[in-house]
Amino acid sequence: MLRSKFRSKDAALRPTKRPSKRTQQLMIDEIMRRFAAASPDPRCELYYRTPFQLLLSVALSAQTTDKAVNAAMTASYDAGLTPESVVAMGEKSFLHLIRRIGLAPTKAKRAVALARILIAQHGSQVPQDRASLEALPGVGRKTASVVLGEIFREPTLAVDTHVFRVTERLGLHHTKTADACSDVLSAVIGPQYLPTAHHWLVLHGRYVCKARAPLCASCVLNDLCPSATLSPQTAARKTAQSAALKALKGGDATVALPAAKAPRRARVTAASTPATVNR
Ligand code: SF4
């Protein structure tokens, strides 16, 4: 499923020439350096007050937005939702609480089962090891990575649809699945940038490198990105250049030829970008 979910549908988004390993490493270091300079302390956009609440919210956020999860859960979290209270609510009441979230019936069932296991096997605490986390209902590699990074500051890289798309456009991986992407990127992103790189990439994907209409003209990575679209200024210059060349060919020497600039690479258009997938 992940394979098709994350596969880019548009070859135009894929850089055609793969850089050498050294060039790619330099590029990743520079990307991280710029993110760190622009946003030294990025925050998770899911609301939570305890590790359990974060775990629950990340599990609930599959196939839906953080905003929808926050809208459903904030009041309960402020009231002190615990594994015990989820079990006490039961599946029916919990389902009512999250009714506006996608896949609510399945998620309600899993949330109650997850809370039961935490109480029975982990003293109501969120375990700090990946194997125990991934053994919980509704918790996969991405959810475990978010929790390990956000709560325990382990150097992990959780890959969701935003992270996958942004790094694919940047030419940082050529994989087909979130897990493979995570393996490739975790090995090349400096440990000093993990786990924060997850937040930088998610926020960049949400607000700048959007699925349908990436804001390339204002992107801080524009000059590094093989998928950057033309900025309006460059497009205007190219139009003027082509008009001037046409005029010169036709013998009109009075038309000035605008200064040439290095051509940009692959072009991203709204129509050519893959469909939006939330988490
Ligand atoms: S230049 Fe465009 S495609 Fe490249 S990372 Fe920035 S927004 Fe995304």
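What share of the 279 residues in the protein chain is buried?

1. Overall burial. In this predicted model, buried residues account for 33% of the 279 residues in the protein chain.

2. Secondary structure. The protein chain contains twelve helices and zero strands. Read along the sequence, its pattern is therefore simply α-α-α-α-α-α-α-α-α-α-α-α.

3. Contacts along the chain. Consider the contacts in the protein chain between residues at least 6 apart in sequence: 68% of them join residues at least 24 apart. Ala59 and Ala111 are 52 residues apart in sequence, and their C-alpha atoms are 8.2 Å apart. Asp29 and Tyr193 are 164 residues apart along the chain, with 9.2 Å between their C-alpha atoms. Of this second pair, Asp29 belongs to helix α2. Asp29 has 14 other C-beta atoms within 10 Å and is therefore partly exposed.

4. The nonpolar core. The largest nonpolar core has 55 residues, and those with the most contacts inside it are Leu55, Ala59, Ala111, Val147 and Val159. Helix α3, residues 51-60, supplies the largest share of this core, namely seven residues. The core also draws on two domains: at least three of its residues come from each of domain 1 (2-43 + 156-218) and domain 2 (51-150).

5. Helix α3. Nine of the ten residues of α3 are buried, and the helix is thus mostly covered. The buried residues are Phe52, Gln53, Leu54, Leu55, Leu56, Ser57, Val58, Ala59 and Leu60. Their cover includes α4 (66-78), α5, α6 and α8.

6. A closer look at Ala59. Why does Ala59 count as buried? The reason is a count of neighbours: Ala59 has 22 C-beta neighbours inside 10 Å, and a residue is buried if 20 or more other C-beta atoms lie within that distance. Ala59 is located in helix α3. Leaving aside residues up to four places away in sequence, Ala59 touches Arg110, Ala111, Leu114, Gly138, Val139 and Thr143. One of these partners, Ala111, is also listed with Ala59 among the residues that have the most contacts inside the largest nonpolar core.

7. Helix α11. This helix, residues 196-207, has twelve residues. From its first C-alpha to its last it reaches 17 Å, close to the 16 Å expected at 1.5 Å a residue. Ten of the twelve residues of α11 are buried, so the helix is largely enclosed by the rest of the structure. The buried residues are Thr196, Ala197, His198, His199, Trp200, Leu201, Val202, Leu203, His204 and Gly205. They pack against α2 (21-38), α8 (141-150) and α9 (161-169).

8. A cis peptide bond. Where does Pro195 lie? Pro195 is in the loop between α10 (178-188) and α11. The peptide bond from Leu194 to Pro195 is cis, and its omega is near 5°.

9. Positive phi angles. Two residues deserve a note on backbone geometry. Leu103 is not a glycine, yet it has a positive phi of about 60°. Leu103 lies in the loop between α5 (83-97) and α6 (104-122). With 14 other C-beta atoms within 10 Å, Leu103 is partly exposed. Arg153, also a residue other than glycine, has a positive phi near 55°. Arg153 is placed in the loop between α8 and α9. Is Arg153 buried or exposed? Arg153 counts as exposed because it has 11 C-beta neighbours inside 10 Å, and the limit for an exposed residue is 12 or fewer.

How values were computed: Residues are numbered from 1 along each chain as its sequence is written. This is a predicted model: local features need pLDDT of at least 70, side-chain atom pairs count only at pLDDT 80 or more; totals for chains, interfaces and linings use all residues. Helices (H or I, at least four residues) and strands (E, at least two) are DSSP runs, numbered from the N terminus. Two residues are in contact if their C-beta atoms, placed from the backbone, lie within 7 Å. A nonpolar core is a set of buried Ala, Val, Leu, Ile, Met, Phe, Trp, Tyr and Cys residues joined through C-beta atoms within 7 Å. Domain bounds come from an automatic or database domain assignment. The expected span of a helix is 1.5 Å times one less than its number of residues.
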